[in-house]
Amino acid sequence: MRKIVIAGNWKMFKTRDEALQFIYNVNMEIPNREMVESVICAQAPLLRDLVKRQGDNLRIGAQNMHEKSEGAFTGEVSAALLENIGVRYVIIGHSERREHFGETDESVNKKLHQALRYGLTPIVCVGEPLAVREKGETDAYVEEQTEKALSGVKADEMEDVVIAYEPIWAIGTGKTATPEMADEAIKNIRQTIGRIHDAGTADKVRILYGGSVNTENIGELIAMEDIDGALVGGASLSAKNFLKMLSIAHEHINK
Ligand code: PGA
């Protein structure tokens, strides 16, 4: 049984006051962590405050980190510091970082190794642009991204890796992949992990769907066999919606 993960990706939204208000509003109501893992990934300057105020059932994540432990990399954040202040998750290779900040499959792979070294749970993003989907090449594209991201990661480390399948055309557009499309792509990612390692290892890896997930569609997505949760952008900014999505996820824990 894979435990469902609901991760909010706040992107470059929320001031400190807004972030603390959110935590205050959700803390008491988050379902038991034994059932559903809930995570909020926030801008770096908010992380320390959020970690200090998180309840037992909420985990805090970063949205990016550097692949090196320290050095002359102005403006970057190290995994060592994230771990040191109590951050537990980190998004790696989000398509916005690949598109606007030059992240490549190679840098994603280095960051993934670094995150594991520091005991952070990486949420590794893969997903195809619209043109690739229209050409019918989604499977090959996502397989290659997955293989490159996971290169050199050992089978026994895979249990600590979370993958998010986020088709780029669905992010922030209001266009969600149908549950069937998302499940098919996620099955393909799981099979890819099975080929790299073995079916038992692949079976343990949590693979989320992301891209215009909201309170209306999260239920049908999570109901699918291979979808183990969601990476949620816009809809995670509201405490009410985040809690609603967690409670819907909770209804699917024994699917
Ligand atoms: P969205 O973003 O839910 O606003 O589409 C998802 C993401 O970018 O992770």
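**Notebook: helices, loops and a ligand site**

I started at His100, which is found in helix H4. Helices here are DSSP runs of H or I with at least four residues, strands are E runs of at least two, and both are numbered from the N terminus. The model is predicted: local features need pLDDT of at least 70, side-chain atom pairs count only at pLDDT 80 or more, and totals for chains, interfaces and linings use all residues. Residues are numbered from 1 along each chain as its sequence is written, and side-chain values use heavy atoms, with hydrogens and water left out.

**Entry 1. His100**

I looked up the accessibility of His100. His100 is exposed, with a relative accessible area of 53%. I use buried for under 20% relative accessible area, exposed for over 50%, and partly exposed for in between (1.4 Å probe, protein chains only). I then checked a distance to Tyr209, which sits 109 residues away along the chain. Their C-alpha atoms are separated by 22 Å.

**Entry 2. Glu143**

Next I went to Glu143 in helix H7. Glu143 counts as partly exposed, because its relative accessibility is 22%. Which residues does Glu143 contact, leaving aside its neighbours within four places in sequence? I found Asn188, Thr192 and Arg195. Contact means heavy atoms within 4.5 Å. I also took the C-alpha distance from Glu143 to Gln191, and it is 9.1 Å. These two are 48 residues apart along the chain.

**Entry 3. Helix H5 and what follows**

Helix H5 covers residues 105-117. I compared its length with expectation, which is 1.5 Å times one less than the number of residues. The 13 residues of H5 should span 18 Å, and the end C-alpha atoms are 19 Å apart, so the two agree.

I listed the buried residues of H5: Asp105, Ser107, Val108, Asn109, Lys111, Leu112, Gln114, Ala115 and Leu116. Their cover includes H3, strand E4 (89-92), helix H4 (95-100), strand E5 (121-126) and helix H7 (138-149).

After H5 comes Gly119, with a positive phi near 70°. Leu120 is in the loop between H5 and E5. Is Leu120 buried or exposed? Leu120 counts as buried, because its relative accessibility is 2%. Beyond four places in sequence, Leu120 touches Met65, Ala79, Leu82, Glu83, Val87, Arg88, Val90 and Ala115. I noted the C-alpha distance from Leu120 to Val90 as 6.6 Å, for a pair 30 residues apart in sequence.

**Entry 4. Ser78**

Ser78 is in the loop between E3 and helix H3 (79-84). Ser78 is buried, because its relative accessible area is 16%. A polar atom of the Ser78 side chain lies 3.0 Å from the backbone nitrogen of Leu81. I call such a pair a polar contact: N or O atoms within 3.5 Å; within protein, one must be able to donate a hydrogen and the other to accept it, and residues adjacent in sequence count only if both atoms are side-chain atoms. Not counting residues up to four places away in sequence, Ser78 touches Lys68 and Ser69.

**Entry 5. Helix H11**

Helix H11 runs over residues 239-250. Buried in H11 are Ala239, Phe242, Leu243, Met245, Leu246, Ile248 and Ala249. I looked for what they pack against and found strand E1 (4-9), helix H1 (16-26), strand E2 (36-41), strand E3 (58-62), helix H10 (218-222) and strand E8 (229-232).

I checked phi for both. Most residues other than glycine have a negative phi. Lys11 has a positive phi of about 50°, and Lys14 has a positive phi of about 85°. Lys11 counts as buried at 18% relative accessibility. Lys14 is buried as well, with a relative accessible area of 18%.

**Entry 6. The ligand**

Which of the 13 residues around the ligand come nearest? I noted Lys11, His94, Glu166, Gly172 and Ser212. Near means that a heavy atom of the residue lies within 4 Å. The shell divides into 4 nonpolar, 7 polar and 2 charged residues. Here Ala, Val, Leu, Ile, Met, Phe, Trp, Tyr, Cys and Pro count as nonpolar, Asp, Glu, Lys and Arg as charged, and the others, Gly among them, as polar.

I then went through atom pairs. A side-chain N or O atom of Lys11 is 2.7 Å from an oxygen atom of the ligand. A polar side-chain atom of Asn9 lies 3.5 Å from a ligand oxygen atom. For Gly172, a backbone N or O atom lies 2.6 Å from an oxygen atom of the ligand. Taken alone the ligand exposes 280 Å², and the protein buries 95% of that. Accessible areas come from the Shrake-Rupley method with a 1.4 Å probe; for residues, only the protein chains shown count as cover.
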